[in-house]
Amino acid sequence: MILLAEKLKIIPLGGLDEIGKNITVLEYGKDMIVVDCGVGFPDEEMYGVDLVIPDFTYLVQNAKKLRGMFITHGHEDHIGSIPYCMQQVNSPIHGTAMTNGLIKLKLEEHHLADKVKLVTHKPGDVVKAGCFTVEFIHVNHSIADAVAFAIKTPVGTVVMTGDFKIDPTAEGGMTNLTRFGELGKEGVLALLADSTNVERQGYTPSENIVAESLDRQFKNCDQRIIVTTFASNMHRIQAVLTTAHRYGRKVAVSGRSMENMLKVAQELGYLKVPAGTIVELGSIKSLPKNKVVIVSTGSQGENMSALYRMAFSTHRQVEIQSGDRIIISASAIPGNEKAISRIINELYRKGADVVYEKSEGLHVSGHACQEELKIIHSLCKPKFFIPIHGEQRHLQIHGRLAKQMGMSPRNIFIGEIGTVFELSARSCKPNGTVTAGKVFVDGTSVGDVGSVVLRDRKHLAQDGMVVVCVNLSGQDGSIISGPDIITRGFIYVKESEQLMDELRNVALEAIDRCNRKRVRDWATIKSAIKNDLSGYLYKTTKRNPMILPVITEI
C-alpha cells in the first residue's frame with residue numbers, strides 16, 4: 001500500500017476581504033502553527049458591537065496539533081484577539097520584545113498572564129515548532145519591532161511579510177532585503193504578502209517627513225498644542241517628544257492606550273524621553289499655553305477616546321480653548337471617515353486651529369506601496385503567491401501586480417477566509433473550506449450577538465418598536481385590562497394620540513377574532529396581534545417597526 005505524501009495546508013481564518021482580523025493557520029500532518037491573531041472593528045451596521053474577532057472553531061477542534069502562535073507585530077489587528085483565543089486554546093506565543101510587551105498587557109487585562117507562555121525573540125532568531133522552522137526577519141512598519149517570517153516546512157519555504165514597508169532612514173535599520181534575497185535564491189514555495197497599500201503607486205514616504213512637518217507646526221506657535229496619533233506609533237511619539245523638548249514644551253499624555261504604550265516602550269528602551277519632558281496631565285493648568293503639548297488618543301474618532309471627550313466637553317481635565325492647535329497625525333482607517341470629520345467639525349466650532357493629514361504632511365503609511373511590493377516579489381521569486389491583508393480590490397490588484405512581475409496567473413491564488421490551500425513542492429490548489437467568520441464581542445459577552453440579534457438591532461434603529469401589553473383571563477380568554485400601547489423610537493406619543501387609539505382598536509379586533517374562534521393558544525393570539533398591527537402600520541405610515549405583543553394570563 002502506497003501512502004500519499006502529506007500536503008501543507010495554509011488556511012487564512014481572517015484578513016481576506018476585510019481590513020483587520022488577521023490570522024493564518026499553517027498545518028502539516030500532526031503539526032499546526034498560527035501567524036497573528038487580530039481583531040476587526042465594527043462597521044456602522046453592527047449596532048452595539050465593540051470588537052469583531054475570528055471564529056476559532058478550527059483551532060479548538062485541532063488544539064492538540066497547535067505548536068505555537070507567531071506574531072509579526074503589536075498592532076490591534078494582529079494581536080487584539082489573542083486573549084479571546086487563549087481562553088479556548090493554549091499555546092506558546094512567540095514575538096519580539098515590543099510585541100510581547102503589548103500582548104502581556106492584554107493578557108493581564110483578561111487575567112491570563114500566568115496561564116500563557118510568552119517567548120521573546122530578536123530578528124534573525126530561528127524557532128522550531130513541530131515540523132515547522134520559523135525565522136524572524138526585520139521589517140519597517142509604523143510600530144517598533146515588526147518582523148516578517150520565513151517558515152520552513154517539509155514541502156518548502158513560505159514567506160509571510162506581515163505589515164511592512166521599506167524605509168532606508170528608519171530608526172533600527174531598513175527592512176532586511178538581503179535576507180529576502182537569500183531566501184529567493186534558496187527557493188520560496190509561497191509568498192503571502194501585505195496588500196493594504198497596493199493601490200498606491202511608487203514608494204511609501206519615510207517617517208522623517210512627519211518629524212519635519214511637526215517641527216514646522218511647533219515653530220513660532222504660541223498656543224497650546226494637542227497631538228493625536230496612533231498610540232502604537234512610537235516613531236511618531238518620539239518625534240513629538242523630541243520636538244516638544246526642542247521648543248521648551250512639557251508633554252502630558254491622555255488616553256489609557258497611549259499611557260500603556262508609553263509605559264511598555266519606555267521599559268523596553270524604545271522611547272527616549274528627554275529628562276523632565278513628561279508631566280502629569282493635571283499639572284498643565286499651571287503652565288503657560290506656549291509651554292504645553294498634550295498627546296492623546298482619538299485619531300480615528302473613537303467614541304470616548306481622549307480627543308473625542310475634549311471635543312465634546314466631557315473630558316475631566318482638558319477643555320478645548322479658542323486658539324488651541326490640534327494636530328491629527330494619522331490617516332483615516334476605512335469606515336472611520338465620518339467619525340473623524342465629526343470631531344474635526346466640533347473642534348473648529350470651539351475655535352481650535354485643526355491641522356490634519358489632508359492639508360499637511362503629518363502622516364505616512366506603515367504599508368508598502370507598489371514599487372516596494374515589486375521589490376519583495378522580485379527578491380523572493382515565489383513559486384506561488386497568495387495576497388493577504390486586504391479587501392477584495394486590494395487582493396485582486398495585488399494579483400495583477402504579481403502577473404506584471406512575470407508570475408503565471410495559474411500560480412496566483414485569491415481566496416476567502418476559511419479557504420484551505422493545499423501545497424506540495426510542485427502544486428498549490430484550494431481544497432474545501434473550514435469554519436471561519438466573524439464573532440462579535442459586546443461588552444463582556446463573546447459570541448452572544450449573532451446575525452439575528454444584529455438584524456433586530458438594525459430594525460430597532462431604523463423603525464423603532466411598538467409593545468402591546470394586554471391581560472387576558474385564563475378561563476375564557478376575555479380581556480381583563482388593556483391593550484396598552486408603548487412605543488420607543490417610532491412616534492412621539494403626545495402628538496399621535498389618534499394613531500395610538502387606532503392601534504388599540506386594531507389589537508382589540510385581533511383578540512376578539514381569536515376569542516370568537518375559541519383560540520386559547522397565546523402564541524397564536526400574539527401572532528394575530530403582530531400581523532394585524534404590522535399591516536395597519538405599514539398601510540398608514542409606510543413604516544415597519546418591531547412589534548412585541550406581551551400577554552399576561554390572570
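Which residues are linked with Glu135 in a network of salt bridges? In this predicted model, the network joins Glu135 with Lys152, Arg179, Glu182 and Glu186. Side chains of opposite charge can pair when their charged atoms come close. A search of the whole structure finds 21 salt bridges.

Glu135 also has a place in the strand pairing, where it stands opposite Ala150 in strand S10. Strand S9, comprising residues 132–138, and strand S10, comprising residues 147–153, run antiparallel and are joined by six bridges. Strand S8 (residues 126–129) likewise runs antiparallel to S9, with four bridges between them, and Lys128 has Thr133 in S9 as its bridge partner. Two residues lie between the strands in the hairpin of S8 and S9, in which Gly130 takes a positive phi near 65°. Because six of the seven residues of S9 are buried, this strand is largely enclosed by the rest of the structure.

Further salt bridges were examined individually. The side chains of Glu171 and Lys272 meet with an N to O distance of 3.7 Å; since Glu171 lies in the loop between strand S11 and helix H5, and Lys272 in the loop between helix H8 and strand S15, the pair ties together parts that are 101 residues apart in sequence. Both of these residues, Glu171 and Lys272, are exposed. The side chains of Glu207 and Arg236 form a salt bridge at 2.4 Å, N to O, and both Glu207 and Arg236 are buried. In helix H11 (residues 370–380), Lys374 and Glu371 lie three residues apart, about one turn of the helix, and their salt bridge brings the closest N and O atoms to 3.3 Å.

Methods:
Residues are numbered from 1 along each chain as its sequence is written. This is a predicted model: local features need pLDDT of at least 70, side-chain atom pairs count only at pLDDT 80 or more; totals for chains, interfaces and linings use all residues. Side-chain values use heavy atoms; hydrogens and water are left out. Buried means under 20% relative accessible area, exposed over 50%, partly exposed in between (1.4 Å probe, protein chains only). Two strands pair if DSSP finds at least two bridges between them. A salt bridge is a side-chain nitrogen of Lys or Arg within 4 Å of a carboxyl oxygen of Asp or Glu.
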